[in-house]
Amino acid sequence: MAAKKAKILILGGDGIGPEVMDESVRVLEKSLEGSGLKLDYEKDLAGGCSIDQHGIPLAPETLKKAKKADAVLLGAVGGPKWDALPHEKRPEQALLGLRSGLKLFANLRPAKILPALVTASSLKEDVVGGIDLLVVRELTGGIYFGKPRGIKDLKSKDQGPKSKKGFNTEVYTTTEIDRILRSAFDAARVRRKKVTSVDKANILESSILWRETATALGKDYPDVTLEHMYVDNCAMQLVRNPKQFDVIVTTNLFGDILSDEAAMLTGSIGMLPSASLGAKKNRLGFAQGMYEPVHGSAPDIAGKGIANPLATILSCALMVRYSLGRDNVAVRLEKAVEKALEDGFRCGDIFEEGKIKVGTKEMAEKVMERL
């Protein structure tokens, strides 16, 4: 029987993105051997490299390719080179364009501390040991997309002659809230069956609607425990007692902040993957998604061969699980990463005395050996 084929769009991005992507794809290919699945790759530009080539962070043709792909692998985008550009032309707009264009409304960011890295966290071992939580962030609504927005001059006599005001709008509909909450409840059902819905319902009307919708929806999931938590308290609890959380679900803005906080509990943001999913199914019958590491483009170490590829490798594992339907391969890939770390191999961002320091290519090879 002929092997199934999946079409993957690779957007290496900026800084260390292309080099960690190249090594991660090598590991991905190795992990899929014997799985009955072949990958058909297409490469394109997004972010700062697209600005340099096309004058815009995301070309329309690139978005068309993304829509036709079964999944998208994205490296980090951005860097100081493009910091002076207007907001609407910066590399990060490629992310927003891909998320909205592909209708990827759910961003899943797991934060799991591996036993081999428990000492890398800045928190005490008894606080972080055993952390295994998932942040589900709403991705296409809220203050990042709400209108009106902008910066305007103020002409009031009470203001100075050059005064301005900046404004953004936090907007959510019941439909947007319902679908992201269902994603969280469904995820909790295959984990430890607890959802923490995070809002600011004591202040914001959008959060009042969020909480009302979550409470009503919770009745459809009697096997899952639902709790509500204000965002400021959640930020504190993540540091005080992170092991109390299973699945955290929240808005675009709050999720952006809390997911990075959760990431740093594990010791290195360079270790964590993410998946962005929508309702659309790909040609294989699974979720069309975009997969990317949580870390940035780190232009200061780009091209030196020392960047940590593990977050991108683990993002490939999420792609294999959610978009390619090969959970057994994803598990093997994740266990190979864990074994490489147990055997003492470390890139610079997670290096500690007594371990074996390796570069990007070497770390990828150590993972492949353990597959």
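Guide: Helix 3 (residues 60-68) is the main contributor to the positive patch, giving three residues. The model discussed here is a predicted one.

Visitor: Which residues gather in the patch of positive charge on the surface?

Guide: The patch is formed by Lys64, Lys67, Lys68, Lys103 and Lys280. One of these, Lys68, is found in helix 3.

Visitor: Why does Lys68 count as exposed?

Guide: Its relative accessibility is 62%. Exposed means over 50%, and Lys68 therefore counts as exposed.

Visitor: How many aromatic pairs does a search of the whole structure find?

Guide: The search finds two aromatic pairs.

Visitor: What makes the pair of Tyr172 and Trp210 edge-to-face?

Guide: The ring centres of Tyr172 and Trp210 are 5.5 Å apart, and their planes stand at 70°. Centres within 6.5 Å make a pair, and planes over 60 degrees apart count as edge-to-face. The pair of Tyr172 and Trp210 is therefore edge-to-face.

Visitor: Why is the pair of Phe185 and Tyr221 called stacked?

Guide: For Phe185 and Tyr221 the distance is 4.6 Å centre to centre, with 15° between the planes. Planes under 30 degrees apart count as stacked, so the term applies to Phe185 and Tyr221. This pair also links distant parts of the chain: Phe185 is in helix 6 and Tyr221 in the loop between helix 7 and strand 9 (225-230), 36 residues apart.

Visitor: Are Phe185 and Tyr221 buried or exposed, and on what values?

Guide: Phe185 has 0% relative accessibility, and Tyr221 has a relative accessible area of 5%. Buried means under 20%, so Phe185 and Tyr221 both count as buried.

Visitor: How do you know that Arg109 forms a salt bridge with Asp260?

Guide: The closest N and O atoms of Arg109 and Asp260 are 2.9 Å apart. The cut-off is 4 Å, so the contact between Arg109 and Asp260 is a salt bridge. Arg109 lies in strand 4 (residues 106-112) and Asp260 in helix 9 (residues 252-265), so the bridge ties together parts 151 residues apart in sequence. Arg109, at 12% relative accessibility, counts as buried, whereas Asp260, at 30%, counts as partly exposed.

Visitor: What makes the contact between Asp220 and Arg182 a salt bridge?

Guide: The N to O distance between the side chains of Asp220 and Arg182 is 3.5 Å, and the rule asks for a distance within 4 Å. Asp220 lies in the loop between helix 7 and strand 9 and Arg182 in helix 6, so the pair ties together parts that are 38 residues apart in sequence. Asp220 counts as partly exposed at 46% relative accessibility, and Arg182 is partly exposed at 32%.

Visitor: How many salt bridges does this rule give?

Guide: The count comes to 30 salt bridges. Among the linked residues, Lys7, Glu42, Asp44 and Lys65 form a network of salt bridges.

Visitor: What sets Lys193 and Ala298 apart in their phi values?

Guide: Lys193 has a positive phi of about 60° although it is not a glycine, and Ala298 has a positive phi near 40°. Most residues other than glycine have a negative phi. Lys193 is found in the loop between helix 6 and strand 8 (194-199), and Ala298 in the loop between strand 12 (287-293) and helix 10 (310-322).

Visitor: Why is Lys193 called partly exposed?

Guide: Its relative accessible area is 35%.

Visitor: Which residues does a cis peptide bond join?

Guide: The cis bond joins Lys147 and Pro148, with omega about 10°. Most peptide bonds are trans. Pro148 lies in the loop between strand 5 (132-138) and strand 6 (150-153).

Terms used:
Residues are numbered from 1 along each chain as its sequence is written. This is a predicted model: local features need pLDDT of at least 70, side-chain atom pairs count only at pLDDT 80 or more; totals for chains, interfaces and linings use all residues. Side-chain values use heavy atoms; hydrogens and water are left out. Patches are made of residues with over 30% relative accessible area and no salt bridge: like charges are joined within 9 Å, nonpolar side chains (Val, Leu, Ile, Met, Phe, Trp, Tyr) within 5 Å. Accessible areas come from the Shrake-Rupley method with a 1.4 Å probe; for residues, only the protein chains shown count as cover. Lys and Arg count as positive and Asp and Glu as negative; His and the chain ends are not counted. The place of a charge is taken as NZ of Lys, CZ of Arg, CG of Asp or CD of Glu. Helices (H or I, at least four residues) and strands (E, at least two) are DSSP runs, numbered from the N terminus. Buried means under 20% relative accessible area, exposed over 50%, partly exposed in between (1.4 Å probe, protein chains only). Rings of Phe, Tyr and Trp (its six-membered ring) pair if their centres lie within 6.5 Å; planes under 30 degrees apart count as stacked, over 60 as edge-to-face and the rest as tilted.
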